[in-house]
Every structure is written in structure tokens, then in C-alpha cells.
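Please look over the structure shown below.

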Amino acid sequence: MSAVVAEHDDHHDDHDHGPAKGLLRWVITTNHKDIGTLYLVFSLAMFFVGGGMAMIIRAELFEPGLQFVQPQFFNSMTTMHALVMVFGAVMPAFVGLANWMIPMMIGAPDMALPRMNNMSFWLLVAGVSLLASTLFMEGGAPAGGWTMYPPLMLQTGKALPFAIFAVHLLGLSSIMGAINIIATIFNMRAPGMTLMKMPLFVWTWLITGFLLIAIMPVFAGAVTMLLTDKYFGTSFFDAAGGGDPVLYQHIFWFFGHPEVYVMILPTFGVASTIIPVFARKPLFGYSSMVYATASIAFLSFVVWAHHMFTVGMPIAGELYFMYATMLIAIPTGVKVFNWTATMWKGSMTFETPMLFSIAFVVLFTMGGFTGLMMSIAPSDFQYHDTYFIVAHFHYTLVPASIFILMAAGYYWLPKWTGHMYNEKIGQLHFWLSAVSVNILFFPQHFLGLAGMPRRIPDYAVQFADWNMISSIGGFIFGASQLLFLYIVIDTIRGGTGEKVTDEVWEDAHKHGLEWTLPSPPPYHTFTTPPTVIPTEHI
Amino acid sequence: MNKDIDTKQKNTRLVRTLVLVAVGMFGFGYALVPLYDVMCDVVFKKEKPGIPVAAEEVSYKADKNREITVEFMTTVNQAAPMEFRSETKKLKIHPGEYYTVNFYAENKTDKEMAAQAIPSISPGPAAEYFKKTECFCFTEQTFKAREGRTLPVRFVVNPEIPEQYKTITLAYTFFDNTEKSVK
Ligand code: HEM
Ligand SMILES: [Cu+2]
């Protein structure tokens with residue numbers, strides 16, 4: 001680190017020092033690597049908090065009847081599980097990766113707006129803490145589902161205004177994070193790093209950033225209307241005052257559908273970064289990947305009412321939203337094709353990051369297929385609000401977004417820490433996760449098709465067997481994730497003891513600028529821009 | 001160093017634009033409210049749920065050969081302190097003929113109460129053929145302490161209603177509006 005300090009003495013206060021001493025370093029830091037670490041550690045912690053809630057849900061559903069919790073608390077658990085996972089775990093994890101990797105991938109010394117970066121992280125912590133505090137309020141935490149539909153949501157007790165304010169904070173944090181990422185990508189690229197030479201992770205985040213700026217304010221507006229309906233006598237959604245609860249669903253899903261793409265686009269980006277390295281081939285169809293990402297993002301704004309096929313829309317609306325939704329499968333199919341083609345005849349090796357990425361390609365595709373089934377409006381009347389849709393979105397989120405986050409962890413941990421993780425335990429973690437995730441979620445397709453509604457703590461005995469199997473899968477999956485925690489801590493503390501090289505993975509330097517830096521990279525990197533731009537990922 | 005200042009300016013400009021976009025999208029969320037009404041009215045010609053208005057009394061040619069069952073349902077929103085029931089549960093009607101049915105609502109509290117009834121017709125596509133010329137749902141109803149009242153509804157089903165509709169359900173929900181009306 002001292003070498004770095006000696007090298008630079010420009011006037012920027014945060015450039016001529018290493019990290020501040022002690023714990024305060026983490027509070028006041030404006031360094032992209034520190035903030036990236038903060039985001040990642042925070043999201044890992046929230047992954048376990050949200051996971052704990054999932055364990056409560058699966059324990060209650062292990063058998064029919066009420067075993068452990070009351071229905072109200074059960075519904076709080078499904079609501080809070082979703083909110084914590086979406087806003088506390090998956091989204092912050094990708095922001096963390098963006099912070100760590102984007103400057104290193106485009107040859108920038110830091111994020112464009114380092115102070116705002118610090119603020120968005122702490123707003124996130126404030127938002128999630130506020131949300132969590134509702135668990136202890138009179139009337140319990142919100143229990144109306146993560147979609148917060150009125151009039152049910154308006155029956156929340158004292159927690160309602162706090163939950164809504166938490167959403168405002170989380171939205172503000174995401175918007176600030178998105179602005180920062182866009183500014184970094186537009187203004188901080190090293191000379192020669194043209195847009196069409198950027199790694200796909202950077203591309204997908206650029207597009208996700210625009211999605212976030214467009215949708216988070218709409219969500220903030222929707223919950224603000226809920227708030228004024230409840231406390232200030234407006235009637236946006238209150239039928240008795242001339243409002244319409246279905247309007248809320250339209251506004252919510254205008255946000256909600258692009259929101260699910262906020263979680264999947266960076267996933268696509270990481271997968272497109274990892275697969276070529278372990279297939280030892282350039283990514284197949286780089287520019288088609290960029291265009292596919294952009295078209296998915298664009299289409300995501302015009303398909304929202306596929307979540308509302310059963311509200312009694314006019315037939316023309318049903319048909320439009322049905323066909324528009326089916327269109328999304330095309331660019332998504334292009335991506336799956338490209339990942340497969342990248343692996344085709346590659347000299348593949350199967351280290352843990354690659355295993356998770358391959359499982360992602362296979363299992364995400366299954367989630368896409370069930371999505372396609374539900375996009376058929378007349379069929380969706382059967383699937384809607386059953387466990388079938390629970391199976392659908394968990395296939396697109398757990399063995400997709402979460403698996404790719406795991407892959408990213410294994411892929412970049414050696415770069416971040418300078419230590420190698422334990423490959424044996426990594427592979428054990430992979431196989432346990434990959435098998436148990438299917439035991440957990442696959443039976444939910446059958447439950448849904450047989451008619452089991454979502455968000456219920458008790459159910460007809462005909463659903464007993466598959467629920468028990470699903471719960472067993474859930475417990476194995478939950479326990480397996482402790483291996484990941486162990487590996488992360490172990491790697492930070494030295495791992496296998498093997499000293500990793502700069503590029504860590506064979507020939508990785510051809511795939512990204514980050515592999516041309518030492519492992520771990522010094523506190524400040526690329527204070528002078530790099531001269532050679534790797535293009536093997538293109 | 002010059003480049004540094006340049007980047008700073010570019011950042012400021014970009015941030016300003018993006019913040020404007022975010023603020024604009026917040027406004028767009030609110031703009032969806034009137035837009036929704038316009039879509040319902042103009043594009044889909046569909047009556048938006050909410051407080052309905054009276055249909056004009058038109059005389060249709062009654063279709064004595066057809067019979068449709070109309071069911072009446074009553075609900076009180078969020079356990080509001082009211083009694084609310086329909087005096088007729090089911091009625092066989094001929095399209096084109098006018099009928100009057102009575103509902104009964106009672107304020108169970110010792111205070112004055114304002115309440116609004118919201119109708120809902122299913123199946124949805126039958127709604128446009130179901131016309132109410134007189135209904136307690138057109139305006140907010142006020143009840144004195146403990147007051148109970150009979151509330152008539154006069155309706156007709158347009159004989160142009162497609163053959164497939166054999167049963168229509170008219171459901172009312174009473175919302176306790178006392179708090180909102182005071183404000
Ligand atoms: C080919 C792509 C996809 C199609 C056609 C599709 C289609 C659908 C449809 C029609 C529904 C509504 C089902 C219902 O409520 O009856 C739905 C729900 C959902 N989808 Fe997808 N989907 C796709 C991909 C994804 C992806 C990539 C994600 C997330 C990463 C995702 C996350 C969700 C979530 C979270 C819900 C449920 C929301 C809720 O009601 O709580 N989907 N999808
Ligand atoms: Cu959707």
C-alpha cells in the first residue's frame with residue numbers, strides 16, 4: 001500500500017491516503033472498493049436474514065395445520081422475506097459488484113461520485129433497518145404481500161407509514177446508486193474503452209441503471225398514494241371515494257415488472273463474463289447480447305399487466321399484454337443461445353464459478369418456460385396466485401440471480417482478497433445447492449397446478465406430500481448456504497494459503513482489465529489509465 | 001488536471017439530467033391516475049369501478065321468451081358497524097323489463113354515520129347491459145344513530161345482452177365513510 005501512497009500526490013484528499021484507520025474507515029469511506037465490500041457484506045447478511053424468514057415459512061408449511069406461527073405472522077414472513085431478499089439482498093449485492101468491478105473493468109480510478117456513493121450505501125442501511133423495525137410494532141410487520149395491494153395493505157397496523165418511508169429510502173438509495181453507475185460508465189472510461197468494448201457486466205448495469213431511474217420514482221409515487229389514502233383522505237384506490245384498487249395494480253406493476261429485470265439483467269452480465277473464461281473462448285455474439293439486453297429492458301415497460309390477467313381487463317388488453325409478454329422470450333432466447341454457443345467446443349473446465357453459471361443457464365431457462373406458460377392469458381387464470389407462480393419466480397431468482405451471485409463470489413474473491421478459496425468445499429456447496437434447490441422448488445409446480453394458493457399458512461391435506469418434500473429441500477438449501485459463509489470468511493483469512501496470480505484464472509487477462517491488476521488490487525487503481533484494452537470478451 | 005475539471009463538469013451535467021428524469025418519472029406515476037380513466041373511458045369504453053351514475057329510463061321491448069337469474073349480494077367493508085342485507089336474494093327477470101328490489105341497511109352505532117355503497121356486477125362483460133335508474137349507491141348515505149332504512153334499487157337488463165348470460169350477480173359493498181366525510 002505504501003508504494004501506492006508514494007506514487008501519487010495530487011490534490012484530491014481521497015487520493016493521497018490509504019484507507020482511514022480503524023472502524024471509522026467503513027463509515028466515511030468514499031473508495032469504490034470499500035463501498036463495494038460494504039454492499040456485499042450487507043447483502044450477504046440480509047441473505048441470511050431473509051433466508052431465516054424462508055425457513056420459518058417452510059417449517060410452517062412442512063405439514064398441514066397450524067404448527068409454529070399464527071396466520072398474521074406467517075403473512076408478515078412472506079411479505080418481509082420478499083422485501084428483504086429483493087431490496088436488501090439481491091439488489092445491493094449487484095450494486096456491490098458494480099462498485100468493485102465497474103471502475104476496474106473500464107479502467108477508471110473510482111466511481112464518478114464517491115461521496116454520493118457513500119450516502120447511497122448508508123441510506124440503504126437506514127431503509128432496511130426501518131423496514132426490519134416494523135417487525136416489532138403494534139399490529140405487526142406489513143402482511144399484505146410484497147406487492148402491497150390495497151385495500152388489504154391499508155389494514156396494516158402502526159407499521160404502515162414506516163414501511164412506506166422505508167420504501168422511499170430504499171428507492172432514493174437505488175436511484176443515487178444508479179445515477180452514480182451511469183455517470184461512471186459514461187464519463188470515466190479509459191481512453192480506448194469504447195462502449196462496444198465494455199465487458200457485458202458493465203453494459204447490463206448501464207441499462208439496469210436507466211431502468212432503476214425510470215421505475216423507482218413510480219413505485220415511490222404508488223406507495224405515497226397509499227399513504228395519503230390512509231391518512232390524508234385522498235381516494236386514489238379507495239372505491240368508496242371513487243377510486244379504484246385496480247389502478248394501484250397498474251402503477252405497481254409498471255414498476256414491478258421492470259424491477260424483476262433489475263435483478264436479472266446484471267445476472268446476465270456476470271454470466272456473460274464468467275462463461276467465456278472457463279470455456280476459453282470469446283463470448284459468442286457480443287453485440288447481439290448488448291442489443292438483446294436493451295430490447296428486454298425496453299419491452300419490460302410494456303408488458304406489466306401480465307400480472308393482472310384476472311382483474312377483468314377488456315379482451316383487447318388481455319391479448320395485447322399476452323403477445324407483448326411472449327415477445328420477451330425472443331431476446332431472452334438469444335441470450336441462452338449465445339451462452340450455449342460460447343460453451344460449444346470450448347476447452348471447458350468446471351471450477352465452482354463455472355458450475356454455478358452452467359446451472360444458471362439450465363435452471364433459468366426452466367423459469368423462462370414457466371413464464372411463457374403464464375403469459376398465455378387464458379391459462380394464467382389457472383396459474384395465477386398459486387404455487388405455480390411461486391415456482392416460476394423462484395426459478396428465475398434463486399438458481400438464476402442467487403446462483404450467479406455465488407458464481408461471482410467464487411470468481412472474484414481470489415482477486416479481491418489475494419487468497420484462493422477452498423475448491424473442494426466450493427464444489428460441495430454447489431452440488432448441495434443445485435440438488436436441493438430443485439427439491440425445494442420443483443414440487444411447487446405440481447402444488448400450483450393442483451390448485452394450492454400462495455400466501456397461506458395452512459392447506460388441504462391433498463397438498464401434504466409435495467409440501468413436505470419442498471420443505472426438506474428448503475432446509476438442505478438453507479443449511480448449505482452456511483458453507484458459502486464459511487468459505488468467504490476462510491478465504492478472507494487466507495484460504496488455501498496458495499498465493500494467487502494476478503490473473504487467477506488461466507488467460508483471464510484477455511477477458512477483463514481487472515485481471516491485469518495485482519491480487520488483491522491496491523487501494524487505488526488506474527489512477528493513470530491503462531493503455532491496453534482486452535477485447536477477448538467481445 | 002484539466003481533464004479532471006472536464007469530467008467534473010460532465011458529471012454535473014449528467015447528474016442534473018438524470019435527477020430531472022427521476023423527478024419526471026415520479027410525476028409520471030401520478031399522471032397514470034388520470035391516464036387510467038382516459039384509457040377506461042375512451043379506449044376501452046368501459047365503466048371504471050367506483051361511484052356509478054344513474055342510467056336514463058329508456059323503454060326497451062321486453063323479451064318475454066328469455067329469463068335471466070339476477071342474484072343479490074351484500075358485504076360490509078372491513079367489519080364496519082352496520083347491518084346490510086338484501087330483501088330479495090334471487091330474482092328471475094325478463095330482459096327489457098324494469099324491476100325494483102329492496103335492500104336494508106342499519107347503523108349499529110350511537111353516532112351519525114356516512115356510508116357509501118359500491119356495486120359490482122359479474123360476470124364483468126354483462127355490466128354494460130345492466131342499467132340502474134335508481135340506486136342508493138349514487139350518493140353517500142347518512143344514517144342517524146341506530147337508524148335503519150329500506151333502500152330500493154330499480155334496474156333493467158338491456159335485451160341486447162348476449163345469449164350466454166344466464167345468471168348475473170349484483171354485489172354491493174358498504175364502506176363506512178364517516179371519518180373521511182368529516183374531513
Ligand atoms: C421469458 C420471460 C418471462 C415471462 C414470459 C414471465 C411471465 C410472467 C407472468 C405472466 C407472471 C404473472 C403470473 C401471475 O401472477 O399469474 C410472472 C410473475 C413473476 N415473474 Fe416472470 N416472466 C419471465 C421472466 C421472469 C424473470 C427473469 C424474473 C425475475 C428475475 C421474473 C420474476 C417474476 C416474479 C417475481 C413474478 C411474481 C410477482 C408476484 O406476483 O409476486 N420473471 N412472470
Ligand atoms: Cu412481469
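Angles between axes under 35 degrees count as roughly parallel, over 145 as roughly antiparallel, 65 to 115 as roughly perpendicular, and the rest as oblique. The model is predicted, so local features need pLDDT of at least 70 and side-chain atom pairs count only at pLDDT 80 or more, while totals for chains, interfaces and linings use all residues. Residues are numbered from 1 along each chain as its sequence is written, chains are lettered from A and ligands numbered from 1 in the order in which they are written, and side-chain values use heavy atoms, leaving out hydrogens and water.

Helices (H or I, at least four residues) and strands (E, at least two) are DSSP runs numbered from the N terminus. Axes are lines fitted to C-alpha atoms, for helices over the stretch in contact, and angles run from 0 to 180 degrees between N-to-C directions. Two packed pairs in chain A involve H13(A) (residues 387–417).

| Pair | Angle | Axis separation |
|---|---|---|
| H11(A) (residues 352–375) and H13(A) | about 160° | 8 Å |
| H4(A) (residues 71–106) and H13(A) | about 35° | 11 Å |

H11(A) and H13(A) are therefore roughly antiparallel. Their contact residues comprise 20 nonpolar, 8 polar and no charged (nonpolar: Ala, Val, Leu, Ile, Met, Phe, Trp, Tyr, Cys and Pro; charged: Asp, Glu, Lys and Arg; polar: the others, Gly among them).

For H4(A) and H13(A), the meeting residues include Leu97(A) and Met101(A) on H4(A), and Leu405(A) and Trp412(A) on H13(A); contact means heavy atoms within 4.5 Å. This contact divides into 13 nonpolar, 3 polar and 1 charged residues.

A nonpolar core is a set of buried Ala, Val, Leu, Ile, Met, Phe, Trp, Tyr and Cys residues joined through side-chain atoms within 4.5 Å. In the largest, of 193 residues, Leu97(A), Trp339(A), Trp412(A) and Trp505(A) touch the most other members. H4(A) gives the most to this core, with 23 residues. Not counting residues up to four places away in sequence, Trp412(A) touches Leu97(A), Met101(A) and Val270(A), among others.

In chain B, Thr133(B) lies in strand E6 (residues 130–134). Thr133(B) is buried, at 15% relative accessible area, whereas Val38(B) is partly exposed, at 46% (buried is under 20%, exposed over 50%, partly exposed in between, with a 1.4 Å probe and protein chains only). Val38(B) belongs to helix H1 (residues 2–43) of chain B. Its C-alpha atom is separated by 31 Å from that of Thr142(B), 104 residues apart along the chain.
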